[in-house]
Structures are given as C-alpha cells and as structure tokens.
Amino acid sequence: MQKASTDNQAAAKDIKLLVLDIDGTIAGHSNTISEPVKQAIFAAQARGIQVAIATGRMYRSALRFHQDIGSTLPLMAYQGAWIQDPITQKIHRHWVVSREIAHQLLDYFEKPELRSLLSVHFYINDQLYVRELTRETKIYAERSGIIAIPVGDLRQALTNEPTKILALSDDTDVIDKLLGNLRRQYTPAELYMTTSVATFFEATNASVNKGTAIRYLAEEFLGLQLANVMAIGDNFNDVEMLEYAGLGVAMGNAPAGVQAIAKWVAPSVEEDGAAVAIEKFLL
C-alpha cells in the first residue's frame, strides 16, 4: 500500500464527488456491499460528498448497489455507455455499437477456432441476449441477478444496436489474444475495448469509457472540476476513470498495471479497501 503524499492529503478537502466501481471494489465474493464499506459511504455522504456508481454491469444489474448506497445521482452502467437517473428515469446518455461492427465481431467470435471457447453476450435495451445458455453465462446471469435470453443465432437480436458486446472465456489466454487481435483490427476511434475481469472481453462505442462518463457527471451535470472528484476501481476498465479523477485510488486486488496509474492503492476488496480509502481521504 502506497503512502498518501501531502498533495493527495491537500486535495482530499476539495473532494465533492466520490465515484465507485462495483465488482472487485465495493463488492467482492459475496456479491454484496459489506457493512464497513456501506458505513464509510454513508459517512462521506453525511459530510456533503455525493456518491455515484460507474460499472461495466447492466443498468438493471447495478441498480440494487446504487440503491444500497442511497445515491441520488444518475447511474453510469455499461462502462458509461448508459447513464440513467433511477429517480426520474431520465436517460442522460445511451451510446451504442453500430450494427455493422456488431456483425463483424460476431463473425470473428464464431470462427471455428474460437466458437467453442467463447460465450458471447449482446446487451440490447438493457436485456441480455445469448446464443445459448453456457455454464459461464449461467454463472454470470446468477451473479448479475438477470435473465439471459437464448436466441440461437445472435444476428436475430440485432434489430436494435447493442449497448455492449461481451465475450467470456474461462481461459484468460484466449481473452488476452482476442483483445490483442481486435485492437489491431479496430482503432480506438472505432471501438472501445477493455477487460473488466481477466475472463471478460468487452466492447462498446468508441466514445465510451468510465473517464468520459464521470467527466460528464462531474462537469456537465454537477458543475464540478476533476480536482473535486475521487474515484475507486480495480481493473482495466477503471483506468480512464482513475486517470481523470483528481484522486484516483486502485484496490489492492487490482492488476499491477492499474495500480501503477493510481494516486494511492487501498487494501483488497475482501479487506474492505474502499472503506479504508474513504476513511483516509474523506472522513
């Protein structure tokens, strides 16, 4: 764990917005927020600090966490591709992947050497469509608290453009190769690609990442500056958010590459690291 610099301590008094990732940050193996983390969040809110969620999860899957922490702000789901206010139901942003690119990715995933190794998920209008209910998909759906809709040929689901496309594999080498190969095929101006956990390849609209999402929330919605923002995350889909925030904190369970760009590294999620970070900087 890094020691906080005096710059970080000086910056802490300016924080008016705390943005939290869910999985690996405020929710660990239990798939719930522990009491110490919840109490730390409530204490920050009592000090006038607003708290928001930024997650790769579906909106409907993230909603219970948003409600658990009593957030009154829009919820940033799908890496920020879908930003909606649960109170007014207003959708502030919904950026999608073009049908053309969705078809191209599906063709790639269905190559003979990949087809049996991947579970492919299309997220359309906050519903999950899959080719078939694989073991990985069943585990994912149960943890997410959602129902996966099997359609056979996923092209049938592409009457609307997907918010996000996900490919799962238990073999992390398969996901690493997939990410490397597709990053050679698509520029960052065409598609945003990341991993939220080592077994998940995720693709969204090129303009989407958690950094652009929290910039919107902070600057356009709340009228704040980056110096007023603290963000906590644990994986590569959190990098842009941690880079944007005036105070970016990585979890102790984050990969080394994510820890390297953070201003501070908290204990792991199973050690209530988010609570430790909140207490250190905001309470």
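**Exercise 1. Which residues in α4 meet which residues in α7?**

Solution. The model is predicted: local features need pLDDT of at least 70, side-chain atom pairs count only at pLDDT 80 or more, and totals for chains, interfaces and linings use all residues. Residues are numbered from 1 along each chain as its sequence is written, and side-chain values use heavy atoms, with hydrogens and water left out.

Step 1. Find the helices: α4 covers residues 99-109 and α7 covers residues 172-185. Helices are DSSP runs (H or I, at least four residues), as are strands (E, at least two), numbered from the N terminus.

Step 2. List the contacts (heavy atoms within 4.5 Å). From α4 come Leu 105, Tyr 108 and Phe 109. They meet Leu 178, Asn 181, Leu 182 and Gln 185 in α7.

**Exercise 2. Describe how α4 and α7 cross.**

Step 1. Take the axes, which are lines fitted to C-alpha atoms over the stretch in contact, with angles from 0 to 180 degrees between N-to-C directions. The axes of α4 and α7 come within 13 Å and cross at roughly 140 degrees.

Step 2. Classify the angle. That makes α4 oblique to α7. Under 35 degrees counts as roughly parallel, over 145 as roughly antiparallel, 65 to 115 as roughly perpendicular and the rest as oblique.

**Exercise 3. Sort the residues of α6 into faces.**

Step 1. Pick out the buried residues of α6 (residues 135-144): Thr 137, Tyr 140, Ala 141 and Ser 144. Buried means under 20% relative accessible area, exposed over 50%, partly exposed in between (1.4 Å probe, protein chains only).

Step 2. Look down the axis of α6. The buried residues fall within an arc of 95 degrees, so they line one face. The arc is that of the directions from the helix axis to the C-beta atoms.

Step 3. Turn to the face of α6 away from the buried side. Exposed Arg 135, Lys 138 and Glu 142 sit there.

Step 4. Ask what covers the buried residues of α6. The cover includes α3 (59-68) and β6 (119-124).
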